[in-house]
Each structure stands twice: as C-alpha cells, then as structure tokens.
Amino acid sequence: MLEMTREEFEELVGEALDRIPAELTRLMDNVAVFVEDEPDPKDPDLLGLYEGTPLTERGEWYAGVLPDRITIYRGPTLRMCDNRADVVAETEVTVVHEIAHHFGIDDERLHALGYG
C-alpha cells in the first residue's frame with residue numbers, strides 16, 4: 001500500500017476543494033468536508049460519502065439542520081493507487097463526485113460524466 005500521512009492526504013483534499021470553480025463553491029450551502037482513515041467495514045472500498053439533503057431537495061422546511069457531511073476516506077484511496085499522482089487524481093475525482101451529490105446529481109449521471 002502507498003504510504004501517505006493523514007496530514008498529506010488532508011492537504012490533497014484541500015487542494016481538490018480549491019480547484020472547484022468559485023461559481024460552484026458559492027452555491028454550496030451548509031456542508032462540511034471531513035477526512036477519515038477508513039469507511040464502515042461493511043463497505044471497505046468506499047472512497048467518499050455524502051450524507052445530507054441535496055440542494056435540489058431542500059424546501060421551506062430546511063432550516064436549523066446540521067450541515068451535510070462529505071467524508072473522503074484515506075485508506076481505500078491509498079490502497080487502490082500506485083503512486084502520488086494517482087492519489088491526487090483519485091482524490092480530485094472523489095471530491096467532485098461527493099460535491100455533485102450535494103448538488104443533487106446521482107451516481108448514474110456522475111458515471112456518465114467520468115466521475116464514477
């Protein structure tokens with residue numbers, strides 16, 4: 001498995017977030033991004049997870065709720081990548097994929113766009 005500290009991986013996630021166009025980040029609302037080492041053991045290969053209510057499903061009832069949560073998992077990413085360049089690319093794809101869920105884009109569409 002490729003070695004990378006948690007701090008290095010968190011930095012890559014931050015850099016991936018910085019590459020999201022400002023026009024999109026301005027539209028993101030009530031969402032927090034986290035890095036964890038491992039996903040639930042029931043899904044050990046999961047690279048990222050979006051938990052929350054997509055912007056497209058929020059209505060007048062949406063107030064006073066905890067932020068949506070995007071989690072990027074370090075362990076599975078490092079296990080599937082051969083080198084640092086692969087980790088950078090995969091982290092960027094995963095960050096975009098999970099942010100797209102925040103915007104209400106489903107997995108089928110993301111796969112069609114190359115973010116699956």
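Tutor: Leu49 stands opposite Thr71 in β3. This is a predicted model, where local features need pLDDT of at least 70, side-chain atom pairs count only at pLDDT 80 or more, and totals for chains, interfaces and linings use all residues. Residues are numbered from 1 along each chain as its sequence is written, and side-chain values use heavy atoms, without hydrogens and water.

Now widen the view. β2 pairs with β3 (residues 68-73) in the antiparallel sense, over four bridges. Strands here are DSSP runs of E, at least two residues, numbered from the N terminus; a pair needs at least two DSSP bridges.

Next, the whole sheet. It is open and has three strands, in the order β1-β3-β2. The pairing is mixed. β1 (31-36) and β2 (48-51) are the edge strands. Each has a single partner strand, so one side of each lacks a neighbour in the sheet. On average, neighbouring strands are turned by 15 degrees against each other, direction ignored.

What lies across β1 and β3? Helix α1 does, covering residues 6-18. Helix α1 runs at about 150 degrees to β1. A helix is a DSSP run of H or I, at least four residues. Axes are lines fitted to C-alpha atoms, for helices over the stretch in contact, with angles from 0 to 180 degrees between N-to-C directions. Contact means heavy atoms within 4.5 Å.

Last, look at the side chains. Arg69 lies over the face of Phe34, 3.9 Å from the ring centre. For Arg, that requires CZ within 6 Å of the ring centre and within 35 degrees of the ring normal.
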